Amino acid sequence: MMSLSIYANATLGTGPRRPSDAPVIETRVAVTKQAEARSHFEIEVLRILAMSPGPGESVQKAFDAKEASLRAFFVTLSAEERAALHALTQDDRDPLGFGRLSAERRSRVLSALLGGRRRE
């Protein structure tokens, strides 16, 4: 019995490009340009929400840390900044990414934003 090679008639280099051959897209430039139009507190909230879990850290602990970081950050904001941030959370487009939080966690974070000690 004679074996057939499936590559006998193949022309090399005619298939789709490999991912390593694909052009590299610089995402930092896009994020930087987008961040220029934002206020400092929006950027900080986005940074906190974008934090990845550490090595060996559970997802729950990572989100607990995000919640604690947000609460600590909200304490440093003035009343005007808190009001502006709260207005952004009411936007249907969810520009800050609060939709990534569970409903219970989002409720706690928003109550921390609206209440608590305020810097004037």
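**Exercise 1. Work out which residues Phe73 touches beyond its sequence neighbours, and where Phe73 sits.**

Start with the contacts: leaving aside residues up to four places away in sequence, Phe73 touches Phe41, Glu44, Val45 and Ile48. Contact here means heavy atoms within 4.5 Å. Before going on, a word on the source: this is a predicted model, where local features need pLDDT of at least 70, side-chain atom pairs count only at pLDDT 80 or more, and totals for chains, interfaces and linings use all residues. Residues are numbered from 1 along each chain as its sequence is written, and side-chain values use heavy atoms, with hydrogens and water left out.

Helices are DSSP runs of H or I with at least four residues, strands are runs of E with at least two, and both are numbered from the N terminus.

Phe73 has a relative accessible area of 13%, so Phe73 is buried. The cut-offs are under 20% for buried, over 50% for exposed and in between for partly exposed, using a 1.4 Å probe and protein chains only.

**Exercise 2. Find the aromatic pair in the structure and classify it.**

A search of the whole structure turns up one pair. Its members are Phe73 and Phe74, with ring centres 6.4 Å apart and planes at 50°, so call it tilted. For Phe, Tyr and Trp (its six-membered ring), rings pair if their centres lie within 6.5 Å; planes under 30 degrees apart are stacked, over 60 edge-to-face, and the rest tilted. As for the other ring, Phe74 is buried too, at a relative accessible area of 0%.

**Exercise 3. Describe how α2 packs on α3.**

Two packed helices are described by the angle between their axes and the distance between the axes. Helix α2 (residues 40-49) and α3 have axes that come within 9 Å and cross at roughly 165°. Axes are lines fitted to C-alpha atoms, for helices over the stretch in contact, and angles run from 0 to 180 degrees between N-to-C directions. That makes α2 roughly antiparallel to α3: under 35 degrees counts as roughly parallel, over 145 as roughly antiparallel, 65 to 115 as roughly perpendicular, and the rest as oblique.

Now list the residues: Phe41, Glu44, Val45, Ile48 and Leu49 of α2 meet Lys66, Ser69, Leu70, Phe73 and Phe74 of α3. Sorted by class, this contact has seven nonpolar, one polar and two charged residues. Nonpolar covers Ala, Val, Leu, Ile, Met, Phe, Trp, Tyr, Cys and Pro; charged covers Asp, Glu, Lys and Arg; the others, Gly among them, are polar.

**Exercise 4. Do the packing of α3 with α5.**

Helix α3 (residues 59-75) and helix α5 (residues 103-114) pack at about 15°, with axes 9 Å apart. The two are therefore roughly parallel. On the α3 side, the contact uses Gln60, Phe63, Asp64, Glu67, Leu70, Arg71 and Phe74, while α5 brings Arg105, Arg108, Val109, Ala112 and Leu113. By class, that gives six nonpolar, one polar and five charged residues.

**Exercise 5. Step back to the whole chain, then locate Gly97.**

The chain has five helices and zero strands. Of its 120 residues, 22% count as buried. Among contacts with a separation of 6 or more, 69% come from residues 24 or more positions apart.

Gly97 lies in the loop between α4 (79-89) and α5. Gly97 is buried, with a relative accessible area of 7%. Along the chain, Gly97 and Val45 are 52 residues apart, yet their C-alpha atoms are separated by 8.8 Å.
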